[in-house]
Amino acid sequence: MVPLKKGKFRSKIESAEVAFTFHDLIMLPGRSSVEPSEIDIRTKATKNHKLNIPLISSPMDTVTETEMAIAMAREGGLGVLHRNCSVEEQVEMAKKVKRAESVVIKDVVTVEPGQTIAEAVRLMETHEISGLPVVDCGKLVGILTERDVRFAKPDLKVRALMTKDLVTASEGISIEEAKEILHEHRIEKLPIVDEKGALKGLITFKDILLRGKYPDAVRDEEGQLLCAAAISPFDVERAKRLDRYVDILVTDVAHFHNTEVIGATEKLLAEIGADVIVGNIGTYEAAEDVISKLEKVSGLRVGVGSGSICVTTEVMRAGAPTLYAVASVADALRDYGANIPIIADGGVKNAGDVALALAAGASAVMAGNLFARCKEAPGTLVTIGGRYYKQYRGMGSPSAMAKRYSLDRYSAPSKGVAEGVEGWVPYKGEVSAVVKELVSGLKASMGYAGAKNIQELWEKSKFVMVSPLGAGETRPHDVLLPSETERGT
Ligand code: XMP
């Protein structure tokens, strides 16, 4: 008889690595001398941009539009505007995020004295603002507020109703000085002018209030909220238009480790000033290729096929589960001495998963499902069986792809298969409440690991595997839960 020899293919099966996912592992409790309240979860989204919490909302059309991006940045995290829309629509979203707050508004929306009140009202409504400086040949000549136009005839001219007696300030004024002037004159808007009387900016009472209301917010040097937007490496035009407004661009490619994609990104990086996060990647080899070919990369989006709305792994039998992917990429970055933040993307269900992803080497976590549940997500709110849910769909789902703008993420024309599903997630209210719960849970997890910051979590935490049988013991068991009695089970 011919001896049974082990060839290439059987070895391939027998030497298959175990790609652990969130469900497989837990963190061992470590020696701890920190209280959760002392734990610092500040981190980096990219080489140049810091976050106060390690949470990022996914670029998906049921997750991140203007409202979510504003809410995430105010909480200290980041929202990535989706790209399943026209360039104009995405740019408009970015502009709105940037205009939501600032120390000094630079691109002030103005009106001319000869325009009508109807035109002025339209401008206020379009830009969601409550007042307009009036500018004549570049010089500030008045200010028109919502109050001035409330019961006014629409065909009246702006010059008839504007306030001409203006309180202004010069460039370089501090926030404290501006606050005093606004208070002293009981006004809401303070135009900044140069020595010739030309309008240079606007400080508003609302912006100053917001700084106090959201102390954890992440802002750029002009006091505007940090904002990111998704792009395709093949759409340089969109990237260049967005580059003028956002701080971070994020490539939105299901399988970034592809010669053509990397080549296109190389060209794109040469034309872009914003930090660029690339992905998704899932292996050590992909990280090696990316960092050796794309010097300007500022962040890596890591995880392939773990998303809750994703059917890639099931249908294509290909993927790199987020936890495995993060650890593999983190190892590559360490081996090559590359200091690039990793964003763990897909499959995060709760604070414990956030802690695991960070412990595996990530700097921040990207989530769609957890944030699609919020009021600020654009998905439709529906009631099913007397409970509230929000619509949530994969960007590779048939209905998302029907909009066609993000078709190239899943190259559907060539593959001809959907890689995502659509459904509903339970409604959870405002982002601030969801973030608060995640942050408290994360800090508690880090407390168990004995880590007082994310760097310590990388170094100190240890994982153990729970057997499939033992997994039952890691959840509530042998007790009838209220949720089960409600379902009548
Ligand atoms: P969660 O688990 O938070 O994951 O729902 C969100 C991430 O999933 C990715 N994504 C998809 N992956 N098919 C996929 O294979 C899809 O249709 C799809 N849509 C989004 C994406 O990385 C997102 O951040």
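Modeller: A backbone N or O atom of Gly396 lies 2.6 Å from an oxygen atom of the ligand, a polar contact being a pair of N or O atoms within 3.5 Å; within protein, one must be able to donate a hydrogen and the other to accept it, and residues adjacent in sequence count only if both atoms are side-chain atoms. The protein covers 97% of the 510 Å² of accessible area that the ligand has on its own (Shrake-Rupley method, 1.4 Å probe; for residues, only the protein chains shown count as cover). This is a predicted model in which local features need pLDDT of at least 70 and side-chain atom pairs count only at pLDDT 80 or more, while totals for chains, interfaces and linings use all residues. Residues are numbered from 1 along each chain as its sequence is written, and side-chain values use heavy atoms, with hydrogens and water left out.

Tyr392 contributes a polar side-chain atom 2.6 Å from an oxygen atom of the ligand. At Gly368, a polar backbone atom is 2.7 Å from a ligand oxygen. Around the ligand there are 25 residues, each with a heavy atom within 4 Å of it. The closest are Ser308, Asp345, Tyr392, Gly396 and Glu419. By class, this shell has eight nonpolar, 13 polar and four charged residues; Ala, Val, Leu, Ile, Met, Phe, Trp, Tyr, Cys and Pro count as nonpolar, Asp, Glu, Lys and Arg as charged, and the others, Gly among them, as polar.

The ligand sits in the largest pocket, in the sense that more than half of its atoms lie within 2 Å of the pocket's grid points. A pocket is an open set of points on a 1 Å grid over the protein atoms alone, where a 1.4 Å probe fits, with protein on both sides within 12 Å along at least five of seven lines.

Terms used. On a 1 Å grid over the protein atoms alone, a cavity is a set of points where a 1.4 Å probe fits but cannot get out, and a pocket is an open set with protein on both sides within 12 Å along at least five of seven lines; lining residues have an atom within 4 Å of a point.
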